[in-house]
Amino acid sequence: MSRIVVLTGAGISAESGVPTFRDADGLWEGHHVEDVATPEGFERDPATVLRFYDERRAALGAVRPNPAHDALARLEAAVGEELLVVTQNIDDLHERAGSRQVLHMHGELLKAWCTSCDARHPWTGTLIERPACPSCGEVALRPDVVWFGEIPYEMDRIVDALGEAEIFVSIGTSGAVYPAAGFVQHARRHGARAIELNLEPSEGTFFFHEARHGRAGELVPAWVDELLGA
Ligand code: APR
């Protein structure tokens, strides 16, 4: 039973040193999003896209969870299966902080997906050299991340959890990308109290019952303390 559903976005990992997507220049680490985060971009220039995600995967080695990730792991340790974290992030910082009930709706950097046999493999190395799929031997591996125009993962489980939630909390997301941006309205329609914790008002800030603005590394531990009555 998912009594508490937490949606996280790039902002929760910002204080760990992982850049967010929508910075002032509109670029993602120097690239246009449509070049590195669409199936068309991959078809046009696979080497650039594979190298881009190889770099992001390698960069994970230099970052660690921050107090916001730690606080959500602490909450899970206290309430167990009543908490579900749904993340748009492709990093593994929730898991490294100790969260277990995490759904990666936009996929994971640390997995490769074979478009030939549909197998998914844990992946820590690179894909630029076009390695063969360990399952079927075909050269058809791509990063297991969901690009614009593709359907996010785990939508059935997420929609069910939102329907059950008493509390829905959105952390560090701009509210610019659907379907995640619509979760707040779905949860509210089913009776959840909705809280936003973000550096600045998100695009959907008015959908929430309550919005607190500041750094996730401060807001999230304080909210968890409050919830646990610490
Ligand atoms: N604490 C809290 N919030 C922060 C912090 C911080 N330290 N730093 C930045 N933020 C906020 C920003 O103000 C912004 O509203 O986090 C939000 C990050 O927004 P985006 O960069 O748009 O990231 P996100 O919402 O996760 O993007 C959604 O878009 O490009 C796609 O698939 C990609 O999953 C991604 C999706």
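Where in the protein chain is the place of Asp118? Asp118 sits in the loop that runs between strand S4 (107–114) and strand S5 (120–122). Before going further, please keep in mind that this is a predicted model. The chain is split into two domains, domain 1 (4–18 + 64–106 + 151–228) and domain 2 (20–62 + 111–145), and its secondary structure amounts to 9 helices and 9 strands.

**Overall form**

- With a radius of gyration of 18 Å, close to the 17 Å that the globule rule gives for 230 residues, the protein chain is as compact as a globular protein of that length.
- If you are setting up a box, the C-alpha atoms fill roughly 50 × 35 × 30 Å along the principal axes.

**Where the domains meet**

- On the domain 1 side, 14 residues are in contact with 9 residues of domain 2.
- Together the two domains bury about 880 Å² between them, and carbon and sulfur atoms give 62% of that area.
- Within domain 1, the residues that lose the most area to domain 2 are Ala10, Ile90 and Tyr153, which together make up 44% of what that side buries.
- As for polar links, 3 residue pairs are in polar contact between domain 1 and domain 2, with both residues at pLDDT 80 or more.
- Salt bridges across this interface number 0 by the rule.
- Helix H1 (residues 10–14) gives the most to the side of domain 1 that touches domain 2, contributing 3 residues.
- By residue class, that side of domain 1 holds 7 nonpolar, 3 polar and 4 charged residues.

**Backbone spots to look at**

- Most residues other than glycine have a negative phi, and most peptide bonds are trans.
- Asp118 has a positive phi of about 75°, although it is not a glycine.
- You can find Asp118 in the loop between strands S4 and S5.
- Tyr178 and Pro179 are joined by a cis peptide bond, with omega at about 10°.
- Pro179 also lies in a loop, this one between strand S7 (167–171) and helix H8 (183–189).

Methods
Residues are numbered from 1 along each chain as its sequence is written. This is a predicted model: local features need pLDDT of at least 70, side-chain atom pairs count only at pLDDT 80 or more; totals for chains, interfaces and linings use all residues. Side-chain values use heavy atoms; hydrogens and water are left out. Domain bounds come from an automatic or database domain assignment. Contact means heavy atoms within 4.5 Å. Buried area is the accessible area (1.4 Å probe) that two parts lose on being put together, summed over both. A salt bridge is a side-chain nitrogen of Lys or Arg within 4 Å of a carboxyl oxygen of Asp or Glu. A polar contact is a pair of N or O atoms within 3.5 Å; within protein, one must be able to donate a hydrogen and the other to accept it, and residues adjacent in sequence count only if both atoms are side-chain atoms. Helices (H or I, at least four residues) and strands (E, at least two) are DSSP runs, numbered from the N terminus. Ala, Val, Leu, Ile, Met, Phe, Trp, Tyr, Cys and Pro count as nonpolar, Asp, Glu, Lys and Arg as charged, and the others, Gly among them, as polar. The radius of gyration is taken over C-alpha atoms; the globule rule is 2.2 Å times the number of residues to the power 0.38.
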